[in-house]
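Please open the structure in your viewer and keep the selection tool at hand.

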Amino acid sequence: MKDTCIKALALNETIRVYLINNTNTVNEEIKRHNLWPSATSVLGKVTSMAQMMGLMLKGDAALTIKIAGNGSLGKVIVDCNAKGEVRGYVDHPDVNFVNNSGGLNDYYAIGTDGLIEVIKDLKMKDLFTSSVKLTGNLASDFTYYFFESEQTPSLVSLGILVNENNNCDISGGIIIQVLPNATDKEISYVESKANLLSNFSNTLKEKSFKEILKMLFADNFEILEENEVCFKCNCSKETFSRSLLTLGSKTLTEIKNEDHQIEAVCHYCNNKYQFSENEIQALIDEALKQGK
Ligand SMILES: [Zn+2]
């Protein structure tokens, strides 16, 4: 089954819902980055957020979620475009914390005392950056983000299950947003359903998107869009050539004479690109031509 994200309206178009199952995307991240379970839990949840928020964008806009707490994972960086094509990494993938009940403990992995930053590239002159304080609970931190930065009261729930073989059994999430035309009646209705979202990984495992919407809104909903989403990195040897060129001919000559080769690694997808001595010489020639 492909990973999908839907957008729906509910309660007579006063409520907007994003719902995602991105289990394959998260398994791809585990494979590429050798993630340990707590790293999977955090990167997977941030990936779910990025893909759902990506689908709030239009055209060739894109966003980056950057989280820098004081936990063992270090930084968490996830990029996503408006098609739900996502890529991301954590600084230290070999992290695992299990709590007393046997569940994964995001709080220690991600830490506190930092920020969740959302950087939007709407293909305008400047990037739009907004941030909220990190408390170590991603769902409530993003709930606060929507309220504070986008003035949209929201409910966020994220779920992920990692099995003993270190594969992701299920990953996904839901964002329920109150639109400006909602009244107190719809707001309290949504609040009354919040407890149904508490164990979201199990809900996602047992129910289809339609069944989840039915559980929340009976028949008062309409699915507007269904989109395939996936892991995708846009790096290439060409993009790495361009960044190597910026080192300039002098540094490139030093590397050529000392190391005779370059191996460039993409942080986002872990793809490796090799540059031979001849290819480095070609870069040096090009740099000289550009006067660098
Ligand atoms: Zn890459």
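Begin by colouring the protein chain by domain, for the assignment gives domain 1 (4-231) and domain 2 (237-289), with bounds that come from an automatic or database domain assignment. Residues are numbered from 1 along each chain as its sequence is written. This is a predicted model, in which local features need pLDDT of at least 70 and side-chain atom pairs count only at pLDDT 80 or more, while totals for chains, interfaces and linings use all residues.

The C-alpha centres of domain 1 and domain 2 lie 37 Å apart. Their contact takes six residues from domain 1 and four residues from domain 2, where two residues are in contact if their C-beta atoms, placed from the backbone, lie within 7 Å. On the side of domain 1 that touches domain 2, the elements giving two or more residues are α1 (23-33) and β5 (85-90); here helices (H or I, at least four residues) and strands (E, at least two) are DSSP runs, numbered from the N terminus. The most comes from β5, with three residues.

Next, select the open sheet of six strands, whose order is β7-β6-β3-β4-β5-β11, with mixed pairing; two strands pair if DSSP finds at least two bridges between them. At its edges are β7 (128-133) and β11 (230-231), each of which pairs on one side only. Two bridges join β5 to β11, and these strands run parallel. If you select Val86, you will find that this residue stands opposite Phe231 in β11.

Now select Val46 and Val76, which touch the most other members of the largest nonpolar core, a set of 71 residues. Such a core consists of buried Ala, Val, Leu, Ile, Met, Phe, Trp, Tyr and Cys residues joined through C-beta atoms within 7 Å, and a residue is buried if 20 or more other C-beta atoms lie within 10 Å of its own, exposed if 12 or fewer, and partly exposed in between. Helix α2 (residues 37-54) supplies the largest share of this core, eight residues. Leaving aside neighbours within four places in sequence, Val76 is in contact with Val42, Leu43, Val46, Ile67, Val90 and Ile110. Another core, of seven residues, lies apart from the largest one and has among its members Leu244, Leu252, Ile284 and Ala287.

Finally, move to Pro180, in the loop between β9 (168-178) and α5 (184-193). Is Pro180 buried or exposed? Pro180 counts as exposed because it has 7 C-beta neighbours inside 10 Å.
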